[in-house]
Amino acid sequence: MPPSLCCQPIFESTGNFWLSLLLAPIFTGIFGVLVERFLLRKVHAFGILAELILTVGVMFVIYEAVKIFWGSDSLYVSVPKSLEGLVNIGGMDYPIYRLFIIGLTLVILGIMALLLYKTRLGTVVRAAVSDADMVNALGINIPLVFMFVFGAGSWLAGVAGVAIAPILSVFPGLADQMGMDSFIVVIVGGFGSLTGAFIVAMICGLLSSYGVQFVSQLAPVLMFAFMAVVLAVKPMGFFGERE
Amino acid sequence: MINKRIKWILWAGILLVLVFYPRLFGTYFTNVFVIFAIFALYAVSFNLLLGYTGLLSFGHAMYFGAGGYATALALTHIEGCPLFVALLIGLLGSVALALVLCPIVGRLQHAAFAMVHLAFGMLMHVLALKLRNITGGEDGLGGFPIPPFNIPGVVSVDMVDPTNFYYFAVPVLGVSLWILWFFTKTPFGQIMVGVRDNAMRVGYMGFKVTQTRAVIYAFSAGFAGIAGSMYAMFQNLISANCLNIGNSFSPILMTMVGGVGSFFGPIWGSAIFSIIEELTTRYIEQVELVMGLILIIVIMFFPGGFTGLLGFIKEKWFGSQSGKTATEDIS
């Protein structure tokens, strides 16, 4: 559900940043739950391809709806007062806001890892991914679990969308750009692997930064080339399980 | 017997309408029809992957674009390149691209296959934008000479005229569609459906599953290339827009709405979308909003698409057994 990540930071233009960081992700989360409950669940029986195509349809609708309500111009979001300015780290000036994002993502990553690998809920989610029918037979409400997971995913996308809004501006095409990057990260890292996603996200970030520095013409191609090389060697990604 | 005769009369009628179509409807609707036919071939080639082999690609536009760019480059750089050679270069261009990608994508399935295609489609889009000296960047390649349809010593027909181009494009696209239809009826076409339904079993029967997928993949890419090449020649322009995500999604929409798994489904879908586009652009700008809503409704309530609905109505009102779709008669 990448498009919802672009549409919510617009809340920002009305209120202050902290309020939108709190509210916008909740909104995307609820939206995700609704999409899962009323759309995706109905086509679950037709297989994964139908679900994929359905999300494409939802994406079209959100994308156009965003254009109707907010236009296709860029909207600007300012960094909150308390996070403005630079901080000196080892002789280099670094924006505080970017440090804040690094901190925020580390906290969320920690919570996610704890939730997935240390709690009963995490065990259920991981088991449900590998064999949903079996877990269902054990008396766990699988549709509810999937609904929760989808909502949590949309919530996280919303957090990321708000966090990135002051750095990039907000425009409908943001969804394409960010969605693409996250797809590549997930594919190369391997489906369902938190470690893989984290490591590959790092590599991709470095690749595109150094790419812009040294081969600016072909910087956008570097990530795709990286993906092609990895997939040629390991079709399921770095940490993906074989089918 | 009587059924067969009705079928022949129907085909003859369609042929007659097609022959006199430009005279009946004028230039504007002739152009609309050519675009419809191009996208019908594009969608049918896509359905060969999704409907028959069970491979969902989010980046089929790269083959459409590869065909278009190959033809445009050939016509720009080769002096006096004949019409059919340009078309053939378009076909070979996208088959070559497919053969390059085969080793990477051939082993993937389901969501991974779709996402990798999304990424490769974007890669091609970015390349078309960045390699300005070859592809012309955002402006694309345009204004290349369109060669006349030429049989030496017999006839030479100017192809810039849209009506003449119609008489060239429609037979070529029709023959392409017929070849694809014939392809699905061959024993190999049956294996293809087997690969979709139970790849492991097909493997145990001694057929090579990965290689089968690769051959179908190249085949499908080639016909998407013909569609793209025809599109480039028709518009006298190929730009990076042909490679964007929207153009990858349009055959998915057409196939789903027309009816996945049925050969004629995507053609119906292409027709439906041509009509919807004609109608909606008169009232609102957001054509994609309407298409997205239609897609959601179709997937949720009519998984068989338009052909499924037709079969359902036929069965209900006439009680005939023709509700079966073309691909279901294998097992």
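**Set-up.** Residues count from 1 along each chain as its sequence is written, and chains are lettered from A and ligands numbered from 1 in the order written. For this prediction, local features need pLDDT of at least 70 and side-chain atom pairs pLDDT 80 or more, while totals for chains, interfaces and linings use all residues.

**Helix α13 of chain B.** I took helices as DSSP runs (H or I, at least four residues), numbered from the N terminus. I then looked up burial (20 or more other C-beta atoms within 10 Å of a residue's own, placed from the backbone) and found Gly305(B), Phe306(B), Thr307(B) and Gly308(B) buried. The buried residues of α13(B) pack against α10 (245–258), α11 (265–280) and α12 (287–301) of chain B.

**Domains of chain A.** The assignment, automatic or from a database, gives domain 1 (3–169) and domain 2 (173–243). I noted ten residues from domain 1 of chain A and six residues from domain 2 of chain A in the contact, counted by C-beta atoms placed from the backbone and lying within 7 Å.

**Chains A and B.** I found 34 residues from chain B and 34 residues from chain A in their contact. On the chain B side, α4(B) gives the largest share, 14 residues.

How values were computed: Buried ≥ 20, exposed ≤ 12 C-beta atoms within 10 Å, placed from the backbone. Helix = DSSP H or I, 4+ residues; strand = E, 2+ residues; numbered from the N terminus. Contact = placed C-beta atoms within 7 Å.
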